[in-house]
Structure formats: structure tokens, C-alpha cells
Amino acid sequence: RLALSGSPLAPGQKMSALLSPLDIHAQRIDNYGDAGWSWRLAREFAYRKTATTVRFFFDDLSLLNRMELSLSPELTHQRVEGVEVYDINRLTEEEAASMERPDLLLEIFGTTPPERLHPYLLLPAKLRIQMEYLSAEPWAVESHLLPSPLGWGPARYFYFSGFSPESGGILLDSRLDEDAREMKADSEGALARSLQPFGLTSPPDGNPLKVFFFTYQGHYTGLIEAFKRYKRPVLLFLLGRESLLSLEEEFGSPLLPGEIRRQGSLTLLPFPFLPQREFDRLMALSDLLFVRGEDSLARAVQLGKPFLWQAYRQENDYQLVKVEAFLKHWSSLAPPGALESFLPLWYHYNRKFENEGALSAEEGDILLESLEELSSAVKFLSHSVRSKADLVEKFTQALENLSKGVTFQYEGSAGPKSRKHG
């Protein structure tokens, strides 16, 4: 139903043979999650050789350097993890003019090249794909791969990430899979390495439940109480400034990265900002995940570990609509009733709250005592995504469908008009 002109694929020829290069344009929006997801996408495309060359254009390499330490914030162009990385603000028109023209332009969350670079990095492209945010809502599936009425130049299509086979899939990170397998083979060594910044060589108490805690700011008194009275010691890996601020009231003073806090059998470990790989590895090491936003949700699903997700809070509690759509899809995959006891927890955890806690101690007890059931339910979701909704595979399939022909729009004196690109 969609068509893209150009040379058709020869028998047995991969779409990557027609993509040289694939350009990804992203920018700092309002948090590290968007930048991290964009960089993860570029890395994965390069790792799987989706294109002969993957170029990543970004507007804040200092931010990116915090997530990928091997990347220098001082260079206009560098090669990192198989990706050609460009500082879009430093890139001159003369430099852009000397670069190979892109076949495909991938615009992350609406990012386009600066107007001064359009003649070199936008207009020559055969196709533009606008990557949108992850959602399980029906409208996102219905809008996936529809042509965009916005913009001019090369034809532009929406790409919506999602969890179902009909969606654009979720981004699965091959490096995370490799690290998770390695850490599973040496879990004690992996835990010891993670505890080194706190001056520990082993956990304070034996056989702890390792909890990854990455949340939006709120009141978690009830949840902390449930951790304290759990049948096993709890190691709480605290990630992100909002998580630290949330628990300062509970612990009575500022929580500083690297400083251990203990209350009974609960040990709190506040981590500093971690590069993306170390963040992922700590998630893979954990037994229970509290995640927020979309990239961490995708990692939790990929790892197949029990988790509780906070959607980004929106006006009129619209985040509950996103949560409901996600839970509805998940419930359709798990055995009947498998998620029934968890649904109230998810809705309560995602409501906006002032003086009320995100979860009561009793709800925390239910979660902790039902980890085995939640873990089983998560595996159905993880298997479905891996087998039917892998974003890179879905993206490649979409391009192969689009490769039969595409309509280009050019802006002229009479306004935008269509013509075939030969």
C-alpha cells in the first residue's frame, strides 16, 4: 500500500544494499531518555548492519558523552560503536556538501536537519521516516507507516514503535543481550563489581532481593515499608535524581551517590549518573525493576524481568490511558487472569499524587509476594516482542515494502506538488 521508487531489490538482495548511508537526526529534547534511545537506535542499526553506513547527527555531544564515554564532545565527526557521529551545530555547509548524499533520512521525534544543510542532508534523500514515541494505543498502530501531510521534499512517513506485530515494534539492544548472558553466567562477580563504588565486595546480607529503582519524584513511604518487612534482605539500587529526592524525606537527610544507607534489612545504594551500558547492566543484574519512561520500559520487556512501569505524567492523568493500553495488550498474551491482582497496583502507581503514596505498604506486600507470578507473566510479553515486534526487523521489512516506489513532494511557486523520483 506504500511505495518507494528506485532500483528494486534483486533476488536475495538485502535492503541494506540500497541504503548508503542511513542518516539519523536527533536532538536533546527534555531528558536523557530521548537522547539515549536515539543513540541506542543508531548503535543497533550499525551492529545489525541495517545499512552499509549509519550516520548519527546530534546537537549536544556533551550530553551524549555522559552516556557513551568513548564519544568525544569536542569533535565535529568521529566513529563510535560502528556509527559515524556528527555534531550538527559544528558541521559546516562546506563539510556537508562534500559528504555522501543520504538515501534515507530518519527523523527522531520530529528532528530535521538545520535549514542551511537541507541541500545536502535532506533534499537528496529518497525517503524520510519520522520516528514517533512508543505507545500501545490503537491509534498508534492505525497511524503506523501512514504518509505525513507535514513538510516538503522527500516523501515522509510516520513510524510508531509498539508492542504488537502490527506496530513498528520495540527497540531491542543486542549489546544488552550479550551483557545479560555474561552477567547471568557470573552473577556473584557482576554483583561484586557493582558494589565496588560503595566500598563493598559483597552484599551486607546474604541472598538479597536486588531492586532497580528508577522513578519519577513522589512519595514512596508505603513501598519502603514493604521492602523493610520483606522476608529477604533488599538491596535497593537507586538511580536518577528524582528517585534520590523522593526518598530523602523517608531517610531524613540528603542521599548522596556512593553513600550507603541502611534501615533494618533494607540497604539503599544511591548510584551516580551512569553511562548507558552500566545503567543497562545494573538493570540486568536486578531481580525486580521499577522503571519510568519509554526506553527503560523497553529494556524491562527485553530482559523479561518482573517490573512496574511509570508512564510520563501528563495533564488530566492521560498517562493512565497509555498504561491501560499497554496492560490490555499484555493481558491478551498472558494466561487468563495472570495480571488480575497486579492491575490495581499499576493504576495506583501511575496516578498523580500529592500527599498520598504511590503504593501502600499492603500493595507493596502483594507485589513482593507475587514476584514469581509476575515474572511468568512478563515472559509471555517478552517472548511476543522478541518473536513478532523487533523494531529493527520491522523497520527493515517496512523499507523492503516501501522500496517499490515512493512519491516525492517538492515545493514550487504553486505550492507543494507530487512527482515520481526516478
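The report below starts with an overview and then goes into the details.

## The overall picture

Please keep in mind that this is a predicted model. The protein contains 16 helices and 15 strands. Of its 422 residues, 55% are buried. The accessible surface comes to about 18200 Å², and carbon and sulfur atoms account for 51% of that surface.

Gln314 and Arg351 are 37 residues apart in sequence, with 10.0 Å between their C-alpha atoms. For His383 and Val301, the separation is 82 residues along the chain and 9.0 Å from C-alpha to C-alpha.

## The nonpolar cores

Now look inside. The largest nonpolar core has 77 residues, and those with the most contacts inside it are Phe227, Leu247, Phe290, Phe307, Phe326, Trp330 and Trp346. Helix α15 gives the most to this core, with six residues. A second, separate core has 40 residues, including Phe58, Met131, Tyr157 and Ala398.

Leaving aside neighbours within four places in sequence, its contacts include Val211, Phe212, Phe213 and Phe214. Phe290 also touches Leu308, Tyr349 and Leu367, among others.

## Empty spaces

Rolling a probe the size of a water molecule over the atoms shows where empty space is left. In this structure, two cavities reach 30 Å³ or more.

| Space | Volume | Make-up of the lining |
|---|---|---|
| Largest cavity | about 50 Å³ | six nonpolar, one polar and one charged |
| Second largest cavity | about 30 Å³ | six nonpolar, two polar and one charged |
| Second largest pocket | about 830 Å³ | 13 nonpolar, nine polar and ten charged |

Which residues line the largest cavity? They are Leu134, Ser135, Ala136, Phe163, Leu297, Trp309, Lys322 and Phe326. You have already met Phe326, one of the residues with the most contacts inside the largest nonpolar core. Around the second largest cavity you will find Pro203, Pro204, Pro208 and Pro233, together with Asp205, Val234, Leu235, Ser265 and Thr267.

The second largest pocket is lined by 32 residues, and Lys184, Ala284, Ser286, Leu303 and Lys305 lie nearest its centre. The largest share, six residues, comes from α15.

Is His383 buried or exposed? Its relative accessibility is 56%, so His383 counts as exposed.

Ser164 sits in the loop between β7 (156-160) and α6. This residue counts as buried because its relative accessibility is 11%. Not counting residues up to four places away in sequence, Ser164 touches Val141, His329 and Ala389.

Gln314 also belongs to a loop, the one between β13 (307-310) and α12 (319-333). With a relative accessible area of 29%, Gln314 is partly exposed.

The last two residues have a backbone detail worth checking. Lys49 is not a glycine, yet it has a positive phi of about 55 degrees. You can find Lys49 in the loop between α1 (32-47) and β2 (54-58), and at 61% relative accessibility it counts as exposed. Leu145, again not a glycine, has a positive phi of about 70 degrees. Leu145 lies in the loop between α5 (138-143) and β7. Is Leu145 buried or exposed? With a relative accessibility of 13%, Leu145 counts as buried, because buried means under 20% relative accessible area.

Notes: Residues numbered from 1 in each chain as written. Predicted model: local features only at pLDDT ≥ 70, side-chain atom pairs only at ≥ 80, totals over all residues. Heavy atoms only, no water. 1 Å grid on protein atoms, 1.4 Å probe; cavity = no way out; pocket = protein on both sides within 12 Å on 5 of 7 lines; lining within 4 Å. Points joined across faces, edges and corners; volume = space filled by probe spheres on them. Nonpolar A, V, L, I, M, F, W, Y, C, P; charged D, E, K, R; others polar. Helix = DSSP H or I, 4+ residues; strand = E, 2+ residues; numbered from the N terminus. Buried < 20%, exposed > 50% of the residue type's maximum accessible area, 1.4 Å probe, protein only. Areas by Shrake-Rupley, 256 points an atom, 1.4 Å probe, with all protein chains shown as cover. Core = buried A, V, L, I, M, F, W, Y, C linked by side-chain atoms within 4.5 Å. Contact = heavy atoms within 4.5 Å.
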